[in-house]
Amino acid sequence: MTTTLTGCSFGADLNDSLLRPGNTNCAGCGMSLGLRWLDEALGGEVPFMVVPACCGIVTAGAFPTTAYGAPTAASTFAGAAAVATGIASVLHMNAESSPVVCWTGDGGTYDIGVATLSAAAERNEDILYICYDNEIYGNTGGQRSSATPEGVVTTTSPRGKTERKKDIMAIMAAHRIPYAATLSLAHREDFLRKVKFAAHTRGFRFLLMLSPCPTGWKSEAEDSVELIRDAVRCGIFPLYEVFDGLRYRINMERDGASVNAYCERQRRYRRETLDASLIQARIDEQWRYLKAMAAAFPA
Ligand SMILES: Cc1ncc(C[n+]2csc(CCOP(=O)(O)OP(=O)(O)O)c2C)c(N)n1
Ligand code: SF4
């Protein structure tokens, strides 16, 4: 008997869009633009989506309708990369070439999903893994994750988080996967180029998108894209690529913009808990690291 996945969607077709109207995303949610640009970069190719417990699976709405115009498997919080491994294996068995895309939050990536993520990366499974990193557990009311930056106030860090944000890009690079890159929602051409490159690369690919979350960031919906631009300009979210886990390419230099401009428009950074000089020191340290890697191992 042939095992097939084709036709398991709820009516996805090539004229459909990946993110349909009527989805549940908040106004200004980074996922909305990210999914549209993912769709555009895939150029009409319909992916198999795997989405764990997170806002991204709420996006779909209530069965039997769905806001995803692609076959979508809802996985456990911890299991997205394992489910995607199974789907990718069946597609290969049937010589089908549809991309398998994990679309996961930072909780499902940095925290509870990190074991299956690491295992799939170590096996170099043929998966395009995209983390929309809103630096919080958005779906359950805004708890801190290991992606939450220092100083940020969440429901479980009311005095500001005291631990550093985990460097998930370095962790993924250490797996020596073919491709890892950061994605900015304020730099469309760079975003589309990287997703296209990732889509046409085989093996495990990891993309990290800083994803504004007006609900959790306590920011205005209309500021979302400008916040990401500020994040890139001040260097708190560097744009770079890592090839084969070793060769680094920085895509854009920071331009000296103050980190305060980024923090001040989000009430998750509070005056009482914000230590701008500490944040600046972390940024400088990260850039020294990236520059050293790009100089020692240029792409
Ligand atoms: C094993 C398990 N623990 C806890 C939950 C509850 N839960 C569902 S979504 C979620 C947070 C998801 O956070 P993240 O992955 O960052 O995505 P976001 O909600 O921010 O989109 C949690 C804790 C769960 N579904 N399963
Ligand atoms: S809570 Fe945040 S991540 Fe979740 S849908 Fe709303 S804006 Fe998007």
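Modeller: Please bear in mind that this is a predicted model.

Biologist: Is R268 buried or exposed?

Modeller: A residue is called buried when its relative accessible area is under 20%. The relative accessibility of R268 is 2%, and R268 therefore counts as buried.

Biologist: Which residue has a side chain in polar contact with the side chain of R268?

Modeller: A polar contact requires a pair of N or O atoms within 3.5 Å. The contact made by the side chain of R268 has a length of 2.7 Å. The partner is the side chain of Q266.

Biologist: Which element gives the largest share of the lining of the largest pocket?

Modeller: The largest pocket has a volume of about 560 Å³. Its lining comprises 24 residues, and K165, K166, I236, R282 and Q286 are the closest to its centre. Two or more lining residues come from each of helix 6 (168-173), strand 6 (205-210) and helix 11 (276-296). The largest share, four residues, comes from helix 11.

Biologist: How many charged residues are in the lining of the largest pocket?

Modeller: Sorted by class, this lining contains 14 nonpolar and three polar residues. The charged residues in the lining of the largest pocket number seven.

Biologist: Which element gives the most to the lining of the second largest pocket?

Modeller: The second largest pocket holds about 370 Å³ of space. Among its 28 lining residues, G138, N139, C213, T215 and G216 lie nearest the centre. Helix 2 (55-58) and helix 8 (214-217) are the elements that give two or more residues to this lining. With three residues, the element that gives the most is helix 8.

Biologist: How many polar residues does the lining of the second largest pocket have?

Modeller: This lining includes eleven nonpolar and four charged residues. Its polar residues number 13.

Biologist: Which pocket is the space taken by ligand 2?

Modeller: Around ligand 2 are N25, C26, C29, C55, N134, C213, P214 and T215. Of these, C213 and T215 are also among the residues nearest the centre of the second largest pocket. The space that ligand 2 takes is the second largest pocket.

Biologist: How many residues of the shell around ligand 2 are nonpolar?

Modeller: The shell has three polar residues and no charged ones. The nonpolar residues of the shell around ligand 2 number five.

Note on methods. Residues numbered from 1 in each chain as written. Chains lettered and ligands numbered in written order. Predicted model: local features only at pLDDT ≥ 70, side-chain atom pairs only at ≥ 80, totals over all residues. Heavy atoms only, no water. 1 Å grid on protein atoms, 1.4 Å probe; cavity = no way out; pocket = protein on both sides within 12 Å on 5 of 7 lines; lining within 4 Å. Points joined across faces, edges and corners; volume = space filled by probe spheres on them. Nonpolar A, V, L, I, M, F, W, Y, C, P; charged D, E, K, R; others polar. Near = heavy atom within 4 Å. Sits in = over half its atoms within 2 Å of the grid points. Buried < 20%, exposed > 50% of the residue type's maximum accessible area, 1.4 Å probe, protein only. Polar contact = N/O pair within 3.5 Å; in protein donor to acceptor, adjacent residues only side chain to side chain.
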